[in-house]
Amino acid sequence: MEQKRVLVVEDNRALLELIGKFLQASGWEASLAHGTRECWERLKEFHPRVILLDMLLSEGSGFELAQSLKKMPLYRNIPILAMTGLYARHEIKNCLIAGCDDVLLKPFRFAVLDKILTGLVDRAAPPEKAIGGESPELPAPSGHLLH
């Protein structure tokens, strides 16, 4: 189960719980964080292989959170999937500039969510290589919504 560990950061509790139930039913070990404060708390105990991050949080900014995570050696190699309702090309680009590895537009299909998360985990460095050391070059986003 080590491969399929995801931290979900979302400020809408109903959506957070729905995503959590889907991911668990799909074989993921999911830790749920309602906002940035809970995200940092969860990271102390839970070591995800990927982070699903709502970019527009009522408490803090997903953009700032992604930037902070990518600056910290312990978390910089964990892929981040931005989850957002921001559809403009420049807004999607801003998610990638903030440090997100891919973008999932709301509303989304759960099958697409699972496929993208799995792809990010498969492309990421193994956990023992990801912590510390040099940051490998990140692959280009999947492009599923940029075409």
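How close do the axes of helix α1 and helix α5 come, and at what angle do they cross? I noted first that this is a predicted model, in which local features need pLDDT of at least 70 and side-chain atom pairs count only at pLDDT 80 or more, while totals for chains, interfaces and linings use all residues. Residues are numbered from 1 along each chain as its sequence is written, and side-chain values use heavy atoms, with hydrogens and water left out.

Entry one, α1 and α5. I found that the axes (lines fitted to C-alpha atoms over the stretch in contact, with angles from 0 to 180 degrees between N-to-C directions) of α1, residues 13-25, and α5, residues 110-123, come within 11 Å and cross at roughly 65°. The two helices are therefore roughly perpendicular (65 to 115 degrees) to each other. For the contact (heavy atoms within 4.5 Å), I listed L18, I19, F22 and L23 from α1, and F110, A111, L113, D114 and L117 from α5.

Entry two, α2. In this helix, residues 36-45, I saw that T36, C39 and L43 are buried (under 20% relative accessible area, with a 1.4 Å probe and protein chains only; exposed is over 50%). Seen down the axis, these buried residues fall within an arc (of the directions from the helix axis to the C-beta atoms) of 45°, so they line one face of α2. The face turned away from the buried side carries the exposed R37, K44 and E45.

Entry three, α3. Here I wrote down G62, L65, A66, L69 and K70 as buried, whereas E64 and K71, on the other side, are exposed.

Definitions and conventions:
Helix = DSSP H or I, 4+ residues; strand = E, 2+ residues; numbered from the N terminus. Parallel < 35°, antiparallel > 145°, perpendicular 65-115°, else oblique.
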